[in-house]
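Me: Hey, can you walk me through this one? I'm new to it.

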Amino acid sequence: MYQISEAAALSGLTVRALRHYDAIGLLQPATRSDAGYRLYGNDDVEALQRIRRYQGFGFSLDEIGELLTAKAPDRLHALRSQRDAVRQRASDTAVIVRTINQEITIESNGEREPTDRLGRAQALFREYRERSKSEPVRSLSPLLGEALDLLRPLTGTQSMDPGAVKLAALIHHCRNDNANLADLCQRFLDQDPNPDDRAFAAINLVNALTFLERHEDAVASHRAHIEHVMANRPATEWADTMDISSTGASWNVTDRRDEWVRLFRSVNAGVAPTAENRASRYELCHTAIMVMGGDNGRYADDIVELTGRMAEIIAEDPNWSERRWAEQRFEQQKVGNAVRSGDPEAVTDVVNAYRSYLEQCDWPDEFIATAYSNLGAIMHWDGRDEVAVECFVRAQQDGELDGYGYAWFASASLGSGAPRERVTELLAEAGRRLESADAMRIFNEDSLLSAEADKEDLLNALLEPR
């Protein structure tokens with residue numbers, strides 16, 4: 001047994017601290033001597049050492065009291081949460097330090113206000129994009145925070161700068177920060193911008209609301225945008241109002257898909273086709289198929305008609321600059337249609353035909369890589385994980401997968417029985433290319449990864465890229 005001074009020395013704490021812990025019930029000595037002196041055992045000393053470490057980690061004494069009696073998995077969860085919080089504070093501090101250094105430079109040069117805020121923010125974003133090709137994305141987050149700081153005076157005023165708004169929106173999107181994206185776009189719309197800027201803000205607002213699961217607001221905003229464009233803009237611009245497939249989720253969740261289809265038919269019938277809006281008309285057909293699909297064949301005839309219309313748009317001009325992009329979407333659409341049909345043999349036939357097509361088409365390597373990555377994702381979602389893995393491997397051969405591709409590659413590998421080391425290796429690659437919020441969202445939405453008994457280890461591999 002150790003007297004209080006000895007226990008304090010062994011634990012690295014002060015005698016005063018030990019007395020305080022005894023008084024508040026955080027850690028009371030094992031026993032007392034006949035004279036009433038505190039006596040501490042080896043377990044007490046170990047607990048005191050843990051208290052000292054936990055204080056260094058930033059836990060409060062109340063939190064430490066709970067951790068001392070918690071089970072090991074609960075302590076591990078608390079430590080990981082605290083680690084993530086500390087990292088975020090460090091990242092925020094780094095942004096502040098860099099901003100202060102910039103302000104010091106400005107003052108040293110005799111400048112009163114930073115010049116060309118938008119240009120400097122654009123340079124930071126370009127640096128982020130370039131460095132993210134070889135460095136973990138999350139280590140570069142301070143660059144985005146610094147860019148937003150530069151843009152704030154241009155996006156928080158009564159006369160918001162459109163260029164600054166668009167860059168800030170792109171940064172919020174990269175950070176998966178849909179709450180701030182929605183707020184930015186709504187404030188910009190309230191200033192009644194010109195038609196092109198209004199369309200940009202409206203579409204981004206609807207997307208942000210959809211991802212925030214504010215589906216009623218998303219539907220109301222989208223409907224208002226469609227009706228405004230049809231009432232105030234030429235028919236050549238109408239197709240742009242609906243070519244965003246992510247909004248279909250809100251219309252479906254709110255049980256308004258039929259209303260979306262009615263609006264689509266009005267827009268589609270009224271669009272004045274031109275060479276300039278060919279891509280928008282094409283994407284409108286693709287979006288409609290995505291929204292109409294998956295309803296026991298209710299819109300099967302429409303889907304067949306729209307798929308044919310996609311082929312017709314491609315054929316309008318053999319020299320169309322976006323022909324390869326359109327062909328890629330078209331071939332992928334045929335696979336999606338087969339999956340929605342629910343016929344396994346039809347899916348196999350279409351996938352085999354698509355892969356044969358990819359072997360002989362004139363697309364550049366990056367298009368081939370994207371095609372195989374998208375096909376791998378479709379196969380994974382359809383439960384064909386072995387085929388999905390083959391597609392992701394081929395995508396790697398033809399070009400680099402992005403963070404989403406690596407995350408789906410990892411999940412498909414898990415589903416096909418790959419060694420756990422391979423799965424965590426792929427998750428680490430995904431994590432290197434994704435912001436934390438985006439990585440968490442993908443993980444939670446993936447039915448295989450999030451259902452695993454050791455999902456915490458898998459999540460750690462995703463959030464802790466090697």
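Below we chat through confidence, the cores, a few helices, salt bridges and aromatic rings.

Me: What kind of model is this?
Reply: This is a predicted model, where local features need pLDDT of at least 70 and side-chain atom pairs count only at pLDDT 80 or more, while totals for chains, interfaces and linings use all residues. Residues are numbered from 1 along each chain as its sequence is written, and side-chain values use heavy atoms, with hydrogens and water left out.

Me: What's the average pLDDT?
Reply: The protein averages 87, and 94% of the residues score at least 70. pLDDT is the predictor's confidence in each residue, from 0 to 100.

Me: Which elements have the lowest and highest mean pLDDT?
Reply: Helix α5 (residues 72-108) has the lowest at 76, and helix α9 (residues 178-189) has the highest at 95. Helices here are DSSP runs (H or I, at least four residues), numbered from the N terminus.

Me: OK, the inside. Which residues touch the most other members of the largest nonpolar core?
Reply: M379 and L427, out of 40 residues in that core. The elements giving two or more residues to this core are α16 (323-341), α17 (344-360), α18 (365-381), α19 (385-398), α20 (403-415), α21 (420-432), α22 (436-445) and α23 (455-463). A nonpolar core is a set of buried Ala, Val, Leu, Ile, Met, Phe, Trp, Tyr and Cys residues joined through side-chain atoms within 4.5 Å. Buried means under 20% relative accessible area, exposed means over 50%, and partly exposed is in between (1.4 Å probe, protein chains only).

Me: How many residues are in the second core?
Reply: That separate core has 33 residues, including Y128, L184, F188 and A202.

Me: Back to L427. What is L427 in contact with?
Reply: Leaving aside neighbours within four places in sequence, L427 is in contact with A410, L449, L458, A461 and L462. Contact means heavy atoms within 4.5 Å.

Me: And which residues of α21 are buried?
Reply: V423, T424, L426, L427, A428, A430, G431 and R432. The buried residues of α21 pack against α20 and α23.

Me: What about α23, which residues are buried there?
Reply: L458, L459, A461, L462 and L463 are buried in α23. What covers them includes α20, α21 and α22.

Me: How far apart are the end C-alpha atoms of α21?
Reply: They are 18 Å apart, which agrees with the 18 Å that its 13 residues should span at 1.5 Å a residue. The expected span is 1.5 Å times one less than the number of residues.

Me: New topic: how many salt bridges are there?
Reply: The structure holds 36 salt bridges. Each is a side-chain nitrogen of Lys or Arg within 4 Å of a carboxyl oxygen of Asp or Glu.

Me: What does E429 pair with?
Reply: E429 forms a salt bridge with R432, the closest N and O atoms being 3.9 Å apart. Both lie in helix α21, three residues apart, about one turn of the helix. E429 counts as partly exposed because its relative accessibility is 28%, whereas R432 is buried, at 12%.

Me: Which pair links distant parts of the chain?
Reply: R298 forms a salt bridge with D258, with the closest N and O atoms 2.9 Å apart. R298 sits in the loop between α14 (278-292) and α15 (300-315), and D258 is in helix α13 (residues 257-270), 40 residues apart.

Me: Is R298 buried or exposed?
Reply: R298 has 51% relative accessibility, so R298 counts as exposed. D258, at 28%, counts as partly exposed.

Me: Switching to rings. How many aromatic pairs are there?
Reply: The structure holds 11. One of them is Y54 and F57, which form a tilted pair, 6.1 Å centre to centre with 40° between the planes. Rings of Phe, Tyr and Trp (its six-membered ring) pair if their centres lie within 6.5 Å; planes under 30 degrees apart count as stacked, over 60 as edge-to-face and the rest as tilted.

Me: Which residues form the cluster with Y54?
Reply: Y54, F57 and F59 form one aromatic cluster. Y54 is buried, with a relative accessible area of 4%, and F57 counts as partly exposed at 39%.
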